[in-house]
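Have the sequence and the 3D view open side by side as you read.

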Amino acid sequence: MFASLKRVAIVGLVAVLSTTAVSAKGALGIKAGKVSVTSSDGISDASYTLKEPAPLPNPITLTESSIFKLAFTVIDTTTGEAVYPQQAHLLLEDPKGDDVTLPLSVKGNGKAQITINTAKPHPALLTTHGKFQITLLLSALDSLTPLAYPLGELTLPDSILKPLPRKRHDLPPRQGEPAFQAEQEIVHTFKEEEKTVGWTKSGAGVIITLAPWALLLGLLSNIFPSLNFQSPPVSSYIFLLVLAAIETLIFVYWVGLKLYQLLPPLIALFVIAAYTGMVALRELRVRRLKAGGAP
């Protein structure tokens with residue numbers, strides 16, 4: 001019986017500790033929150049101090065040269081220490097259209113800020129109605145309770161806004177425009193036809209290409225009777241065979257060899273080609289000297 005009571009006490013203690021741990025889970029909050037609105041003329045400048053959960057005291061209306069800036073420090077409301085949230089956004093809810101969510105810049109020490117410059121507005125703000133309910137959203141995943149802090153109303157100047165894009169099924173259609181119309185056909189050429197050259201240009205090119213060879217053959221026919229053909233020495237044939245082997249090896253490399261497979265035999269063939277070439281030239285020189293040629 002004593003063991004049963006002890007077990008019940010332990011279970012109760014664990015339950016109490018668990019409840020305390022759950023209730024001790026902190027929540028995200030902000031401190032030193034400040035909203036400032038500045039402009040080049042200084043007429044509409046304003047500064048507000050944020051104190052959660054109170055919203056801004058007045059709606060904010062920006063001009064063409066206004067700069068809206070929100071700055072604060074993210075804290076754990078339980079300990080009061082600065083924390084870094086995993087997600088920090090400013091939600092701009094458009095009652096008449098789509099919402100816009102802008103990310104905040106957050107440093108490691110919890111300091112966060114966002115700036116909206118109407119002279120260089122975010123592209124997502126241009127195709128809206130320009131009137132928003134702004135809410136600060138902070139989240140630290142499962143470690144802390146997230147924060148959704150409604151700040152108030154923000155209005156952009158109409159002069160910076162662009163015409164709203166018309167959705168596909170918006171009705172009624174514009175005057176004289178059907179509700180549904182065929183889309184423009186997409187034409188794509190996958191492969192252009194090969195260009196051909198006329199017979200005149202082709203013939204002229206062939207003549208220009210073969211003219212030097214015709215001239216060479218004509219000159220050889222004039223000196224051919226005076227030529228004395230002799231069979232070259234065997235070393236010349238060996239030299240030509242080595243050169244042919246080099247060409248064959250390069251072709252085989254191009255077909256399927258790797259560079260490290262090509263280099264050893266190629267270097268060896270280069271050495272053999274250099275040696276056989278020297279021997280062939282030496283024997284040809286000896287023959288020329290025996291025939292009475294100049295050294």
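What follows is a short briefing, grouped by topic.

Please keep in mind that this is a predicted model. The protein chain holds 5 helices and 10 strands. Of its 295 residues, 25% are buried. Among contacts in the chain with a separation of 6 or more, 64% are between residues 24 or more positions apart.

- Strand 1 (residues 28-38) pairs with strand 4 (residues 67-76) in the antiparallel sense, and 9 bridges link the two.
- To find this pairing in the viewer, look for Ile30, which stands opposite Val74 in strand 4, and for Gly29, whose bridge partner in strand 4 is Ile75.
- Strand 4 also runs antiparallel to strand 8 (residues 111-117), joined to it by 7 bridges; here Ala71 has Gln113 of strand 8 as its bridge partner.
- How much of strand 4 is covered? Most of strand 4 is, with 7 of its 10 residues buried.

- Another open sheet has 5 strands in the order 3-10-9-5-6, with mixed pairing.
- Its edge strands are strand 3 (60-61) and strand 6 (100-103), and each of them pairs on one side only.
- Strand 5 (residues 87-93) and strand 6 run antiparallel and are joined by 4 bridges.
- Within that pairing, Leu90 is found opposite Leu102 in strand 6.

**Two backbone details to look at**

- Most residues other than glycine have a negative phi, and most peptide bonds are trans.
- Against that background, Ala32 has a positive phi of about 55° although it is not a glycine.
- Ala32 lies in strand 1 and is exposed, its relative accessible area being 65%.
- The peptide bond joining Glu52 and Pro53 is cis, with omega about 5°.
- Where is Pro53 placed? Pro53 sits in the loop between strand 2 and strand 3.

**Helix 3**

- Helix 3 (residues 199-223) has 25 residues, and its first and last C-alpha atoms are 36 Å apart, close to the 36 Å expected at 1.5 Å a residue.
- At Leu210 helix 3 bends by about 35°, and a proline, Pro212, follows within four residues.

- Helix 4 has 23 residues, which at 1.5 Å a residue should span 33 Å; the end C-alpha atoms are 33 Å apart, in agreement.
- Buried residues in helix 4 include Ser235, Ser236, Val242, Ile246 and Leu249.
- Helix 5 (259-290) is included in what covers the buried residues of helix 4.
- How many aromatic pairs does the structure hold? The structure holds 1 aromatic pair.
- That pair is Phe251 with Trp254, and the arrangement is tilted: 6.2 Å centre to centre, with 40° between the planes.
- The tilted label follows because planes under 30 degrees apart count as stacked and those over 60 as edge-to-face, with the rest called tilted.
- Phe251 and Trp254 are 3 residues apart in helix 4 (residues 234-256), so about one helical turn separates them.
- An α-helix has 3.6 residues a turn, so residues three or four places apart point the same way.
- Is Trp254 buried or exposed? Trp254 is exposed, with a relative accessible area of 68%.

- An unreviewed UniProt entry annotates residues 203-224, 236-256 and 262-281 as "transmembrane region".
- In the model, residues 203-224 are 95% helix and 0% strand, and the end C-alpha atoms of this span are 30 Å apart.
- Residues 236-256 are 100% helix and 0% strand, with end C-alpha atoms 31 Å apart.

Conventions
Residues are numbered from 1 along each chain as its sequence is written. This is a predicted model: local features need pLDDT of at least 70, side-chain atom pairs count only at pLDDT 80 or more; totals for chains, interfaces and linings use all residues. Side-chain values use heavy atoms; hydrogens and water are left out. Rings of Phe, Tyr and Trp (its six-membered ring) pair if their centres lie within 6.5 Å; planes under 30 degrees apart count as stacked, over 60 as edge-to-face and the rest as tilted. Buried means under 20% relative accessible area, exposed over 50%, partly exposed in between (1.4 Å probe, protein chains only). Two strands pair if DSSP finds at least two bridges between them. The expected span of a helix is 1.5 Å times one less than its number of residues. The bend at a residue is the angle between axes fitted to the seven residues ending there and the seven starting there. Contact means heavy atoms within 4.5 Å. UniProt positions are given in the numbering used here, feature names are shortened, and annotations may be inferred rather than shown by experiment.
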